[in-house]
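Please keep the structure open while reading.

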Amino acid sequence: MTDKTNSLFNPSVYYSLTAAVLAFGLDRAQKGFQVAGECVAIGAAPCVEVFTSYVPFAMTGWRGGEVVKVTDFFDYVLVWNTGISYGLLDGLPVWGLGVIMLVAIVALAIWWVRADSALIRMGLALCIGGALSNALDRLIYGAVADFFHLHWGTWSFYIFNIADVAITIGVILLIADMIGLGRRAKATN
């Protein structure tokens, strides 16, 4: 008989797959609603070079540079991230970033298959769902579409999207497992 934690019938498999699909689907739906259809160009980046900043007339058909002030500390915007996180590796070509992301996603998937903890599986699934959506952005837009900007005075947090939120929650779950949260205490003899 196989170990219950590695069985395909383990509920953590289904919960984590559902989380991955939700992370991917919510991010794709938001971008599909928001970003203009003419920004889709496999292997090209027709909207990435838009540098103007303006208040849009509508919430659909955005090309980049749109800014909607929601509160004094939060703006809803569209900016294109041509690097990885925080604009790192910005100078690499899209295919180079794609290879890096593909290797990372495959490594996370292998780790997910081998995981023996529901917390690890959930964290990895969120990371995979978010990473897949951001990778798809690179393929169809030539860059990642980011929307949420938190700021206060002169301080500005990086601009992020739903996929980034999923990845961050996934990493927090992995760290929680690493420090022992969610594990049963070992019985002492």
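In this predicted model, Phe74 stands opposite Leu150 of strand β3. The strands β2 (residues 74–81) and β3 pair in the antiparallel sense, and six bridges hold the pairing. Strand β3 covers residues 144–152, and seven of its nine residues are buried, so the strand is largely enclosed by the rest of the structure.

**The sheet**

- Four strands make up an open sheet, in the order β1-β2-β3-β4, with antiparallel pairing.
- The edges are taken by β1 (67–69) and β4, each of which has a single partner strand, so one side of each has no neighbour in the sheet.
- Strand β1 runs antiparallel to β2 and is joined to β2 by three bridges.
- Within that part of the sheet, Val67 stands opposite Val77 of β2.
- His151 has Ser156 in β4 as its bridge partner.
- Strands β3 and β4 form a hairpin, and two residues lie between them.
- Gly153 sits in the turn of this hairpin and has a positive phi of about 60 degrees.

**Helix packing**

- Two packed helices are described by the angle between their axes and the distance between the axes.
- Helix α1 (residues 11–34) and helix α3 (residues 118–141) have axes that come within 8 Å and cross at roughly 25 degrees.
- An angle under 35 degrees counts as roughly parallel, and α1 and α3 are therefore roughly parallel to each other.
- The crossing of α1 with α3 is right-handed.
- By class, the contact between α1 and α3 has 14 nonpolar, six polar and five charged residues.
- Helix α3 also packs against helix α4 (residues 162–178), at an angle of about 155 degrees and with the axes 7 Å apart.
- Angles over 145 degrees count as roughly antiparallel, which makes α3 roughly antiparallel to α4.
- In this pair, α3 passes α4 in a left-handed crossing.
- Helices α1 and α4 pack at an angle of about 160 degrees, and their axes are 8 Å apart.
- That angle makes α1 roughly antiparallel to α4.
- The crossing of α1 and α4 is right-handed.

**Cysteines and the disulfide**

- How many disulfides does the structure hold? The structure holds one disulfide.
- The disulfide joins Cys39 to Cys47, with an S to S distance of 1.9 Å.
- In general terms, a disulfide is a covalent bond between the sulfur atoms of two cysteines.
- The torsion about the S-S bond of Cys39 and Cys47 is about -90 degrees, so the disulfide is left-handed.

Methods: Residues numbered from 1 in each chain as written. Predicted model: local features only at pLDDT ≥ 70, side-chain atom pairs only at ≥ 80, totals over all residues. Heavy atoms only, no water. Axes fitted to C-alpha atoms, helices over the stretch in contact; angles between N-to-C directions. Parallel < 35°, antiparallel > 145°, perpendicular 65-115°, else oblique. Left-handed = near helix turned anticlockwise from the far one by under 90°. Nonpolar A, V, L, I, M, F, W, Y, C, P; charged D, E, K, R; others polar. Disulfide = S-S within 2.5 Å. Buried < 20%, exposed > 50% of the residue type's maximum accessible area, 1.4 Å probe, protein only. Pairing = 2+ DSSP bridges.
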